[in-house]
Amino acid sequence: MTDKEFAEFLFPNIPDISYYEEKYPRRHMNGAIVTRCAPSPTGFVHMGSLYQGFVAKQMARQTGGILFLRIEDTDHKREVEDGVKGIVEGFRQYGITFDEGYGIGGNYGPYIQSERGDIYKAYIKYLVSKNLAYPCFCSEEEIDENRKIQEATKERLGYYGRWATCRSMSKEEAVRRIQNGEAYVMRLRSQGDFRNKHIYHDAIKGDLEYPENDMDIVILKSDGLPTYHFAHAVDDHLMGTTHVIRGDEWVSSLPYHLELFQLLGFEAPQYAHIAPLTKKDEETGNIRKLSKRKDPELAVRYYHEAGIPVGAVNLFLATIANSNFEEWYLQNEDRSYTDFTFSFDKMPVGGSLFDLSKLESVSRIYFSHLKARDVYQEALMYTHEYDQEFYELLQKYPDYSISLFHIEREVERPRKDIASYPDIRKEFWYMYDELFFTKENPYADCKIYPEKQLLMEYFETIYDETDPQDVWFDKVKTFTGNHGYALNRKDYKQNPDAYRGQVSDFCEMLRVMATTKTISPNLYDLLQLLGRDRLLKRLELFLK
RNA sequence: GGUCUGUUGGUGAAGUGGCUUAACACACCACCCUCUCAAGGUGGCAUUCACGGGUUCGAAACCCGUACAGACUACCA
């Protein structure tokens with residue numbers, strides 16, 4: 001029996017690869033990057049895939065290339081109902097949109113692996129016809145058995161060399177066993193020698209030394225679906241991927257992939273292996289990869305719920321993707337991160353510390369650049385989902401709220417007091433009477449003792465809400481000066497006992513009266529927004 | 001066990017043989033400014049790049065060894 005006849009026996013009615021090679025012509029990109037996101041339909045996007053998608057998107061966009069979406073659903077056990085939808089939606093929310101692919105269309109489809117069965121079989125048939133693939137009948141138990149022996153004798157694990165028992169099986173015996181109805185997988189007949197070392201230049205990691213592959217890896221599972229390794233080679237060849245951007249857990253299977261491309265006669269893409277997102281483990285103190293099971297912050301849902309805006313997450317991803325991004329951004333705070341030119345060789349090689357406090361500080365910067373109107377709009381969207389009470393207040397007082405958010409915003413150096421949507425309520429609740437006066441005693445926790453006479457006199461004789469800020473403050477100064485307060489800080493510092501206090505002490509009292517807090521945005525603006533009547537109501541309660 | 005990869009101040013890191021008496025950011029300390037906070041300003045904060053050898057006129061950078069850490073090691077992706 002010839003190899004060709006054997007291939008025909010294994011894969012009858014499967015076309016020759018020339019059919020697919022013609023159907024999917026090579027792209028002509030002139031150096032632009034064609035890359036992809038290739039998620040499994042597990043239903044949700046986690047930070048790792050978002051990060052990968054972010055990098056892929058930037059690289060494709062900034063070279064005028066193509067980003068496409070391919071669904072890798074070759075594992076039925078992991079599949080989740082509507083999993084594809086969740087993934088696509090997750091990407092979309094974070095601004096990752098595709099030029100072609102699943103659900104969008106394009107000339108290189110279908111873009112879902114479960115519909116590409118015949119394509120994979122055609123290429124396996126081709127390999128069989130060249131005697132580069134063979135059926136394997138080993139049971140799971142036999143493979144397990146071998147592994148145990150390998151572990152005990154400290155040999156390399158895997159199906160290779162003398163462990164690859166089906167490799168030498170005659171075609172005739174294979175035919176007989178298949179006709180007998182025995183289950184089998186297809187394996188690659190590896191041509192490599194483990195002792196040979198090569199260097200591969202990864203776009204991110206630089207030169208990597210790797211041994212030639214000698215594993216007869218499974219390429220077609222017994223359920224008739226290809227393994228990741230094989231589908232990757234065929235799909236990225238046919239779809240014209242120029243750059244494979246993926247997590248570095250794949251580095252160790254690079255030898256498989258390189259051999260597959262070589263034996264199939266494909267030109268290998270440029271690989272770019274992204275270092276894992278890591279964190280410091282609280283128990284051991286060691287740095288480790290973020291884990292789906294242990295770390296809730298890996299799911300993008302976590303940020304949605306915590307009210308970290310999409311824009312802040314993207315800004316954060318940009319800062320970990322390229323270490324020189326942050327410096328650029330600090331000099332170009334009015335620009336979008338998409339204006340920055342990212343490069344593979346500026347990406348971290350070892351691991352990227354996914355630091356929540358860093359994300360928070362990036363988020364503060366993000367919020368500080370928002371216009372008051374946008375803060376309002378975004379807060380409306382978040383509270384609609386998570387805080388009905390505050391949502392209704394925002395809806396009831398749109399102009400008032402926008403004026404409130406405008407304080408010390410849209411200026412050269414804006415405040416950085418908001419890191420997430422819930423912070424908006426935490427920061428500003430006291431400016432809404434509905435929240436202020438429903439508290440039993442809003443001043444219960446205040447450590448400031450009101451000087452009744454002074455405050456009453458101030459509001460009766462001095463405070464005039466038509467005063468502009470400088471006049472208002474001059475009056476405060478004069479007023480406190482007349483009551484034994486120091487006129488400036490220096491005087492007070494030199495001789496604190498000579499004074500009743502300093503202007504800031506009086507302002508603090510005003511601030512607490514108006515807000516219950518000792519820290520707040522600009523006092524004058526808050527007083528203006530509250531207005532005389534509402535202030536007097538608060539004063540009355542404060543003096544009680 | 002095997003394969004591969006890292007290790008630079010309190011933290012994240014830049015740096016690929018001489019422009020480095022180690023960038024930048026955060027944190028921290030002091031002072032200045034100031035109605036609070038934040039922001040801003042000035043100055044301080046690694047005689048040294050895990051450790052031990054070697055190559056070189058010259059090493060954080062190149063080579064070897066050691067230690068530690070990480071990733072992978074499926075008919076999962």
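In strand 3 (residues 100-101), G101 is the bridge partner of L69; helices (H or I, at least four residues) and strands (E, at least two) are DSSP runs numbered from the N terminus. Strand 2 pairs with strand 3 in the parallel sense over two bridges, where pairing requires that DSSP finds at least two bridges between two strands.

The model is predicted: local features need pLDDT of at least 70, side-chain atom pairs count only at pLDDT 80 or more, and totals for chains, interfaces and linings use all residues. Residues are numbered from 1 along each chain as its sequence is written, with chains lettered from A and ligands numbered from 1 in the order in which they are written.

On its other pairing, strand 2 (residues 66-69) runs parallel to strand 1 (residues 34-37) over four bridges, and V34 stands opposite I66. Helix 3 (residues 47-62) carries the chain from strand 1 to strand 2, again as a right-handed β-α-β crossover. Side chains in a regular strand alternate between the two faces of the sheet. In strand 2 both faces are covered, with I66 and F68 on one side and L67 and L69 on the other all buried (20 or more other C-beta atoms within 10 Å of the residue's own, C-beta atoms being placed from the backbone).

After helix 6 comes K154, whose phi is positive, near 60°.

Conventions. A residue is buried if 20 or more other C-beta atoms lie within 10 Å of its own, exposed if 12 or fewer, and partly exposed in between; C-beta atoms are placed from the backbone. A crossover is right-handed if, with the strands pointing away from the viewer, the path from the first strand over the helix to the second runs clockwise.
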